[in-house]
Amino acid sequence: MIKVKAELNAKIDRLEMFGAMPTDELQRRLKVSVAKLIENPWVKVRFAADCPPCECCGEEPWCPEHEEHLADCPCVGPTQDGYEYRDLPLGGLEARRSP
Ligand SMILES: [Zn+2]
Ligand SMILES: [Zn+2]
C-alpha cells in the first residue's frame with residue numbers, strides 16, 4: 001500500500017506540472033481512489049438484470065451510477081476474478097477484492 005501511495009503522489013506531481021486539472025479536484029479524486037485501495041470496502045454487486053438498457057445502443061446494460069455501459073464502469077459484477085463475495089441479509093451480494 002505504501003508503494004501505491006507513492007505512485008499516486010508521483011502521478012499528482014506529474015499532472016500538476018502539466019496543469020492537466022485544477023489541483024483541488026485532482027487531489028480529491030486521487031484521495032478517493034487511494035482510500036478505496038487501502039480500505040477495500042465491501043461494495044454492492046450490480047447485476048446486469050437490475051440495470052436499464054442503454055439508450056444509445058439499446059443492447060448493453062446501462063449503469064445509472066457511473067453513466068456508462070455496465071461492462072465499462074467500475075461496478076463489480078457477480079462473477080469477477082480476484083473478488084470475494086458474501087450474501088446480503090435482504091438479498092443481493094456484496095464483493096471486495098480478495099486479500
Ligand atoms: Zn450503448
Ligand atoms: Zn457502475
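## Strand 4

In this predicted model, strand 4 covers residues 83–87 and has five residues, of which zero are buried, so the strand lies largely in the open. Burial here is a matter of counting neighbours: a residue is buried if 20 or more other C-beta atoms lie within 10 Å of its own. None of the five residues of strand 4 is buried.

## Pairing with strand 5

Strand 4 runs antiparallel to strand 5, which covers residues 93–97, and five bridges join the two. Two of the facing positions can be named. Y83 stands opposite R97 in strand 5, and the bridge partner of E84 is R96, also in strand 5.

Strand 4 and strand 5 form a hairpin with five residues between the strands. In this hairpin, G91 takes a positive phi near 100 degrees.

## The chain as a whole

The protein chain contains two helices and five strands. Read from the N terminus, the elements follow the order α-α-β-β-β-β-β. The radius of gyration of the protein chain is 17 Å, well over the 13 Å that the globule rule gives for 99 residues, so the chain is more spread out than a compact globule. The C-alpha trace spans about 45 × 35 × 20 Å along its principal axes.

Buried residues account for 7% of the 99 residues in the protein chain. Among contacts with a separation of 6 or more, 34% are between residues 24 or more positions apart.

## Domains

The domain assignment divides the protein chain into domain 1, residues 2–39, and domain 2, residues 43–97. Taken over C-alpha atoms, the centres of domain 1 and domain 2 are separated by 26 Å.

Note on methods
Residues are numbered from 1 along each chain as its sequence is written. Chains are lettered from A and ligands numbered from 1 in the order in which they are written. This is a predicted model: local features need pLDDT of at least 70, side-chain atom pairs count only at pLDDT 80 or more; totals for chains, interfaces and linings use all residues. Domain bounds come from an automatic or database domain assignment. A residue is buried if 20 or more other C-beta atoms lie within 10 Å of its own, exposed if 12 or fewer, and partly exposed in between; C-beta atoms are placed from the backbone. Helices (H or I, at least four residues) and strands (E, at least two) are DSSP runs, numbered from the N terminus. Two strands pair if DSSP finds at least two bridges between them. The radius of gyration is taken over C-alpha atoms; the globule rule is 2.2 Å times the number of residues to the power 0.38. Two residues are in contact if their C-beta atoms, placed from the backbone, lie within 7 Å.
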